[in-house]
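Here are my notes on this one, point by point. Have the model open while you read.

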Amino acid sequence: MAGAAFGGPIFYGHAAQSFNEPATHPGNAYWFQALRANEVFKALDGRQQKLALRTDARKEEGTQTVALTGKKTGLPGIPVTELSADQKGLVRKVMADLLGPFRKADADEAMKLIEAAGFDNLHMAFYKNMDIGQDGVWDVWQIEGPSMVWYFRGAPHVHTWVNVREPEKA
């Protein structure tokens with residue numbers, strides 16, 4: 001599909017040892033991505049954590065799971081505009097980890113499209129009602145912007161929906 005990273009929405013996941021993984025997700029090939037995202041959450045102050053924590057994770061409905069809204073504001077979670085420079089740097093590290101398993105050309109294209117829509121227009125949300133083990137390590141989280149959604153769902157095992165497109169022309 002023209003203008004879409006990876007040719008359009010994609011899905012990836014891994015159930016390492018069982019369908020219902022324990023809180024530490026032992027052996028899961030993608031769990032490192034969630035651990036990196038949790039570094040962002042730990043770097044947030046109390047007010048920022050309240051903005052980032054949610055209880056309304058998106059429904060899993062095929063490609064509708066990552067339907068794009070085109071919105072720059074009003075998305076779930078904390079806007080990147082609310083973050084300090086070092087916190088934004090952590091979000092960039094999350095994006096690097098998310099894109100790491102893909103071919104460099106595909107990762108570069110995805111990041112180019114995300115930047116074109118404005119990195120500061122991204123929002124990051126963590127879903128406290130889906131915390132396996134109630135350990136404060138968020139298993140379900142997402143990054144969303146006007147032309148991208150990366151929905152990481154580590155419950156009951158890691159499965160992830162991704163949609164990155166070129167920004168809509170104004």
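1. Start in the loop between β6 and β7, where Pro156 sits; helices (H or I, at least four residues) and strands (E, at least two) are DSSP runs, numbered from the N terminus. Ala155 and Pro156 are joined by a cis peptide bond, with omega about 5°. Keep in mind that this is a predicted model, in which local features need pLDDT of at least 70 and side-chain atom pairs count only at pLDDT 80 or more, while totals for chains, interfaces and linings use all residues. Residues are numbered from 1 along each chain as its sequence is written, and side-chain values use heavy atoms, with hydrogens and water left out.

2. Now the strands on either side of that loop. A hairpin of 4 residues links β6 to β7, and the two run antiparallel with 6 bridges between them (strands pair if DSSP finds at least two bridges between them). Val149 faces Asn163 of β7 across this pairing. On the other flank, β5 and β6 are also antiparallel, over 6 bridges, with a hairpin of 2 residues between them. There, Trp141 is opposite Phe152 of β6.

3. How much of β6 is buried? For β6 the count is 6 of 6 residues, where buried means under 20% relative accessible area, exposed over 50% and partly exposed in between (1.4 Å probe, protein chains only). Met148, Trp150 and Phe152 are buried on one side, and Val149, Tyr151 and Arg153 on the other.

4. In soluble globular proteins, nonpolar side chains tend to be buried together. Here the largest nonpolar core has 39 residues, and Met95, Met124, Trp141, Ile143, Trp150 and Val164 have the most contacts inside it. A core in this sense is a set of buried Ala, Val, Leu, Ile, Met, Phe, Trp, Tyr and Cys residues joined through side-chain atoms within 4.5 Å. The elements that each supply at least two of its residues include β1 (10-14), α1 (31-43), α4 (104-117) and β7 (158-164). The largest share, 6 residues, comes from α3. A second, separate core has 11 residues, among them Ala23, Val66, Ala125 and Val149.

5. Val164 is worth a click. Leaving out residues up to four places away in sequence, its contacts (heavy atoms within 4.5 Å) include Ala4, Ala110, Leu113, Ile114 and Trp150.

6. Thr65 lies in the loop between β2 (53-54) and β3 (78-79). Thr65 counts as buried because its relative accessibility is 1%. Beyond four places in sequence, Thr65 touches Arg58, Lys59, Glu60, Tyr151 and Trp161.

7. Two backbone angles deserve a look. His25, in the loop between β1 and α1, has a positive phi of about 50° although it is not a glycine. Gln134, in the loop between β4 and β5, also has a positive phi, near 45°. Is each of them buried or exposed? His25 is buried, at 1% relative accessibility, whereas Gln134 is exposed, with a relative accessible area of 64%.

8. Last, the largest pocket. Of its 10 lining residues, Gly70, Lys72, Pro146, Pro167 and Glu168 lie nearest its centre. The lining divides into 5 nonpolar, 2 polar and 3 charged residues. A pocket is an open set of points on a 1 Å grid over the protein atoms alone, where a 1.4 Å probe fits, with protein on both sides within 12 Å along at least five of seven lines; lining residues have an atom within 4 Å of a point. Ala, Val, Leu, Ile, Met, Phe, Trp, Tyr, Cys and Pro count as nonpolar, Asp, Glu, Lys and Arg as charged, and the others, Gly among them, as polar.
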